[in-house]
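Visitor: I have a structure to look at. Can you show me how to read it?

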Amino acid sequence: MKVRFSPLLATGTRTMVPTLVLFSLYLLVVGHDIPGGGFAGGLIASTALLLIYLAFGHHGLHRALPVDPEVITGIGLAVAIVAGLIGLVVDQSFLAYAYAVIELPLLGDIKVSSVLLFDVGVYLLVIGMVGIATTHLGSERT
Amino acid sequence: MSKHEAEWRHRRPAGATVPLTISIAGYLVVAVVVWGTGRWLGRWIAVVAALPYIIHLAVVAWLARSDGHAIELLEWIPDLGVAIGLRQDAMTWILTAVVAGIGLLIVIYSHGYFADEAKRASFLAWLLVFTAGMAGVVSSDELFGLFVFWEITTVASYLLIGFDHQKAAARASALQAILVTTSGGLAMLAGFVLLTMEGGTTSISELVANPPTGTATSVALGLVFLGAFTKSAQFPFHFWLPGAMAAPTPASAYLHSATMVKAGIVLLLFLAPGFAETGIWLWTVTTVGLLTMVVGAVAALRQFDLKLLLAYGTVSQLGFMVALIGLGHTAAALAVLVAHSLFKAAMFLIVGYIDKATGTRDVRVLNNIGSRFKGLAVAGAVAAASMAGVPPMLGFVTKEAAFDLLIKKQEWVPLAVIAGASILTVAYAGLWWFGAFGPGRTEEPLQAKRKSPFMIVGPILLATLTVVFGLFPASLGSAVSEATGESIKLVLWPGLKPALALSTLVLASGLGVFSILRRRGIEMLPTARDLHLPTGDGVYAWSLRTLNLVADTATGVVQSGSLPKYIAVTVSAVLFIPSMVWAFNWDAAISAPWFHNPAEPVLAVVVSAGAYAATRVQRRMAAALLLGVVGYAVTGIYVVYSAPDVALTQLLIETLTVALFALVLSKLPRRFGEPPRSLSRAARIAVAAFAGVFATAAALIVTTVDKDESVVAEYLSGAEAAGGTNVVNVILTNFRAMDTLGEITVLAAAGVGIAALVGSVRRQRTEDGP
């Protein structure tokens, strides 16, 4: 990726982005039990994208994430609605929820909640939304 | 479950049979098939499209043999009492025979009418959607199910009127039709809600068995009438129907004469057993029907376009049916409905043939078409004779029965009006036939090409049925009697009675009027414009103009374009209204302690200092950063109150906001310009002070209000059941997931807004640029 403004920012971004993305996914997964969730996770991931944008510009962002933010927003909303529809089909009620505890070797008991899919939708939508704001309010697409 | 709802469940018959439901769903399935595979099906598409009509007819014929009167009930939204209920009774059989039978003929006709296969496919797809709606309307027993089917026909009608969407006139007509009919439809929905509340049931059969009374019921009926009258083109809403003639002729024949415009009549027929005795019914329905009958008949005389003539004729005939229902003669009205569907559909299809064959529908241009298309001319003569009430056509038999009833009941005023309008009907029936097939005004011969034989099947068959039912009307008579619960006898030869004398008089006078108009030309009649009468079209255009004017004015006032004003109004409104509600708890708020935790005063100082500094600095970027300081300090307060979720979110939002600010500010001047002039300094200070005081008061009151601990306990136990320990998140994703979904939808909409807004500004710049 071509460095756009400052080598310091570029290096910092390269170091931090993987950690930020990982942390955002962590927040997304654990949100049901400790502080976090789709919204907070999505915001962290957005911060990572914003850093890439500031360090490497529009093209850099596009290379790191070759999907239009509008599309991500749409997918996010669709995923959340699908999560609701699953509840409708399985449990006769839109956005109905359930959870199960699965025992995995090595990892022990893992709790899987149906609302995780809903939260994934929120997560994607927040990323897409901040992406839209960044790419449109930022410098012209050149 | 509410009490009402429990009662509904209790009283509903448990109809577990589904054949009607499946038949109606079949139309929709085939519509999708036709639409999706039209390209591959090619010329076989009409065969596929005809299938659901044949199946529906077969199912109905099979069901009609049993005596059951079950209702197929399909719960949809049980909490709201919304269900789809389809009645298996004589009313459904008769009306379905009309809807599916004529629909089948229309499909056959369309095969010849549309030369272009792609066009034919999309036409048939929408026709099938429409039929599903119409078949649902005529067999519905549930009010809200009926409403849904009703609006399916509205939307399908809109798309079919605007089928030639390249033409501006077609689009305008389609818009007019949908605006008029959906306005009525909305009024009707309100009427249904009122009726349900008054009657305690959503089932039409239960409603008419135990009809509610009183003022609210009268209001409800008035609203339902609005829906029925707009749909069935009753005066003064009749003007959309002539406009709807922009539709392809098979659609006009089917929707705008044989079926859809009958939906209002059908609804009145459904409700009549329970409400026909009430005052509002008798007066409103009868008066409107009689007026419409006369207005339509008069207008039909003055048309050069064969299709418009038929449209006004339809308006008049619909008025006839409405008037009969108003007087309580539902069986006669249903018989007239069947007769009208048969002859009017035939006439429309014939006009469509002539239009395709010669390229015109203007009676001033058409010349001696009858000698070219003899079979069509005979079918046309039969249909026109039925409309005029000439024996032995079905039209004669039904009109005769209506006259007989009116004379027996001594309803002289309606009788006089109907007889008068019937005279005009005879006249325009003659004008139509001679206009279409007779010798023209010019000697100039007209080019006429033979068209597909598929376009002749429908008219011939409909004309045949008109004669057959006219000769043997007894079975139809007993069917309509069973359907409406009102005894009526349909006979070809009623004997020498006053009704027969009246029929003869009407025919003779009608022929007189016809011969005068034929000889001297219909130009001798004045048009509505000549008489300076307000026309429906004029009123419609005026209301649209007024609506736009009001919208423009309101927008001008509300959207001043001044950012400070927007902020002032928003802030005042947001804070003022809730503060008023909370002002009751003022005492507890005043006695609240200064702080709970020593960190609070420190954070308060940081927040205040940041906020004050933000108003004083001259550079935009500095102001944005100072706002960030305020935000981070607020995060500190959340930490102090041990709300880690809110603190985390606030922290992230604050960071992103500052970063996004930085992006935008790079395009703006570094320093603030002159203070805004749209709002004076004093006004700005006043709004700011107001906002500060009310925000403080609101915060104080909210935090000191007595907390209901049971809510907290409920959430905690609920979270456990939902399998989460972070209650905040469980609320967001489990308990109030619908709210969250709403919020993210707003967020997505805002994203689309940003993209569209910035995109349009960029495009403009590119266009304005060099």
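Visitor: How many salt bridges does the rule find across the interface of chain B and chain A?

Guide: Keep in mind that this is a predicted model. A salt bridge needs a side-chain nitrogen of Lys or Arg within 4 Å of a carboxyl oxygen of Asp or Glu. Between chain B and chain A, the rule finds 0. Polar contacts are there, though: 10 residue pairs, both at pLDDT 80 or more.

Visitor: Which elements of chain B touch chain A?

Guide: Helices H28 (644–665), H30 (709–722), H31 (727–735) and H32 (737–768) of chain B each give two or more residues to that side. H32(B) gives the most, with 15 residues.

Visitor: What area do the two chains bury between them?

Guide: About 3,600 Å², with 74% of it on carbon and sulfur atoms. Leu656(B), Leu663(B) and Arg762(B) supply 16% of the area that chain B buries against chain A. In total, the contact takes 40 residues from chain B and 45 residues from chain A.

Visitor: Now a single residue. Is Thr292(B) buried or exposed?

Guide: Buried means under 20% relative accessible area. Thr292(B) has 1%, so this residue is buried. Thr292(B) lies in helix H13 (residues 279–301) of chain B. Its side chain makes a polar contact with the side chain of Gln234(B), at 3.2 Å. Beyond its neighbours within four places in sequence, Thr292(B) is in contact with residues including Phe235(B) and Val315(B).

Visitor: And which helix gives the most to the nonpolar patch?

Guide: Helix H3 (residues 69–91) of chain A, with 7 residues. The patch is on the surface, with about 670 Å² of accessible area together. Leu85(A) is one of its members. At 39% relative accessibility, Leu85(A) is partly exposed.

Terms used: Residues are numbered from 1 along each chain as its sequence is written. Chains are lettered from A and ligands numbered from 1 in the order in which they are written. This is a predicted model: local features need pLDDT of at least 70, side-chain atom pairs count only at pLDDT 80 or more; totals for chains, interfaces and linings use all residues. Side-chain values use heavy atoms; hydrogens and water are left out. Patches are made of residues with over 30% relative accessible area and no salt bridge: like charges are joined within 9 Å, nonpolar side chains (Val, Leu, Ile, Met, Phe, Trp, Tyr) within 5 Å. Accessible areas come from the Shrake-Rupley method with a 1.4 Å probe; for residues, only the protein chains shown count as cover. Helices (H or I, at least four residues) and strands (E, at least two) are DSSP runs, numbered from the N terminus. Buried means under 20% relative accessible area, exposed over 50%, partly exposed in between (1.4 Å probe, protein chains only). A polar contact is a pair of N or O atoms within 3.5 Å; within protein, one must be able to donate a hydrogen and the other to accept it, and residues adjacent in sequence count only if both atoms are side-chain atoms. Contact means heavy atoms within 4.5 Å. Buried area is the accessible area (1.4 Å probe) that two parts lose on being put together, summed over both.
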